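Please read the following account alongside the sequence and the coordinates.

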Amino acid sequence: MRMSLLVRRMYSEVVWELLENNSLPVVLNHTKLQVNYRPQITQLMVNDDQANRTHTVDEKQEVNISCFFSNGNPPSNISMLDDNGNTLSSSSDREGYLVLSREFRCHDVWPTIHCQAPGSELNRSMSILVRCLPELSFFAAQVANWTSVLQGLTLRFKSHTSNISKCLMTELYSGHTSRNVTCTLSGRAPEFNLTLHFGEETWIRPGNWTLDITTEFGITNITFELINDTAHTGVSPSSEYPGQLTESNILLVISGCLLTVIVFSAGLSILCVVKFAKHHGVQGVQGFDSNNSEEHQDDALYENRGNAMIGSVVAVCSSEAEQHHTQTLGHRNADGLIYGELDFGDKEPSDVIIGSLPDNHYAQINFAASIHPP
């Protein structure tokens with residue numbers, strides 16, 4: 001005999017009895033019963049409000065997140081997790097709720113809170129959004145190729161809302177001309193992709209630009225540079241837009257001016273040194289010619305041709321010294337030698353030969369004395 005029985009979670013035993021007329025029931029079988037069932041997350045609330053897929057809060061507002069559950073049999077662990085799988089709160093009670101209290105700020109990573117259990121029939125999750133001024137950022141560097149931008153420019157857009165009232169492009173260093181552009185959002189809060197559509201616009205060109213996005217919380221902006229990649233387009237920015245002055249061009253002009261001033265100053269200094277050397281060199285040569293012969297002039301003046309000024313100074317000093325010796329000692333003979341003239345005439349006796357020093361002892365010499373031959 002086969003029988004089917006619908007059981008409920010509260011059932012714990014099964015008793016088989018035989019019932020006969022005018023007799024007491026007879027127990028045929030008594031079986032313990034364990035009913036297994038899965039846990040279930042029943043509700044997720046934020047500050048006593050039913051939470052949907054997202055919930056928007058104010059910055060620095062204290063937020064209480066509650067997760068209500070009915071545990072299974074056998075009981076399992078009910079947990080609240082963040083995006084990275086980190087456990088924020090947990091319980092293994094039969095039923096009840098988990099509570100998480102926290103404040104969120106604009107610069108924080110806005111989390112998605114998950115309330116779940118292993119094998120649960122229903123898990124719940126919710127993304128926290130903070131009312132803040134949106135944030136714009138590039139996917140890579142803040143430099144884009146001008147030719148690819150013509151097909152559209154896409155940026156990251158972090159915001160609690162998708163409401164945008166205006167997108168404005170302003171070119172820097174060229175009179176700050178501003179133009180409205182068409183922009184669209186894709187994705188869902190808080191992570192959107194913002195795409196700028198230029199179409200057939202001819203005013204967009206290489207240079208530095210600022211993008212202003214107007215929302216209900218105000219204006220957020222980002223500055224970036226559009227470059228003309230000559231390796232791919234074959235057109236340089238200077239030939240395509242000769243009248244445009246970019247920041248790099250301005251720096252190049254300033255550097256060129258400074259280099260010109262430095263070179264001019266260095267040339268002027270060298271010219272002054274050369275003139276000074278020539279002036280003093282001529283004076284030295286003239287003094288040398290008036291006091292010496294042509295042979296000695298050649299030996300002294302051209303001993304070092306690499307430095308005219310030093311040669312002239314040496315020549316003047318040599319001329320003055322030789323003139324002094326010639327006048328004092330005598331004249332040169334036919335062999336070019338100079339002899340001193342010594343006078344051994346009578347001299348007055350003196351106790352000092354050359355000079356006196358405190359630590360020296362000198363003998364007295366009688367210049368009038370003479371030795372008679374034997």
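**Sheet, patch and contact**

Ile-41 stands opposite Phe-69 in S6. The model is predicted, so local features are taken only at pLDDT of at least 70 and side-chain atom pairs only at pLDDT 80 or more, while totals for chains, interfaces and linings use all residues. Residues are numbered from 1 along each chain as its sequence is written, and side-chain values use heavy atoms, with hydrogens and water left out.

Strands here are DSSP runs of E with at least two residues, and helices are runs of H or I with at least four, numbered from the N terminus. Two strands count as paired if DSSP finds at least two bridges between them. Strand S3 (residues 40–46) and strand S6 (residues 62–70) run antiparallel and are joined by six bridges. Val-46 has Ile-65 as its bridge partner in S6. Val-46 also stands opposite Asp-49 in S4. Strand S4 (residues 49–50) pairs with S3 over two bridges, again in the antiparallel sense. The hairpin of S3 and S4 has two residues between the strands, and Asn-47 takes a positive phi near 50 degrees there.

Strands of a sheet pair through backbone hydrogen bonds, either parallel or antiparallel. In this model, four strands form an open sheet in the order S4-S3-S6-S9, with antiparallel pairing. S4 and strand S9 (95–103) stand at the edges with a single partner strand each, so one side of each has no neighbour in the sheet.

A nonpolar patch on the surface is formed by Met-3, Trp-16, Leu-18, Val-26 and Leu-28, which together have about 490 Å² of accessible area. Patch residues have over 30% relative accessible area and no salt bridge; like charges are joined within 9 Å, and nonpolar side chains (Val, Leu, Ile, Met, Phe, Trp, Tyr) within 5 Å. A salt bridge is a side-chain nitrogen of Lys or Arg within 4 Å of a carboxyl oxygen of Asp or Glu. Areas come from the Shrake-Rupley method with a 1.4 Å probe, and for residues only the protein chains shown count as cover. Strand S1 (13–18) and strand S2 (26–32) each supply at least two residues of the patch. Met-3 lies in the segment before S1 and is exposed, with a relative accessible area of 52%.

Exposed means over 50% relative accessible area, buried under 20%, and partly exposed in between. Glu-171, in strand S15 (residues 166–171), counts as buried at 5% relative accessibility. The side chain of Glu-171 makes a polar contact with the side chain of Arg-205 at 3.3 Å. A polar contact is a pair of N or O atoms within 3.5 Å; within protein, one must be able to donate a hydrogen and the other to accept it, and residues adjacent in sequence count only if both atoms are side-chain atoms.

Methods
Buried means under 20% relative accessible area, exposed over 50%, partly exposed in between (1.4 Å probe, protein chains only).
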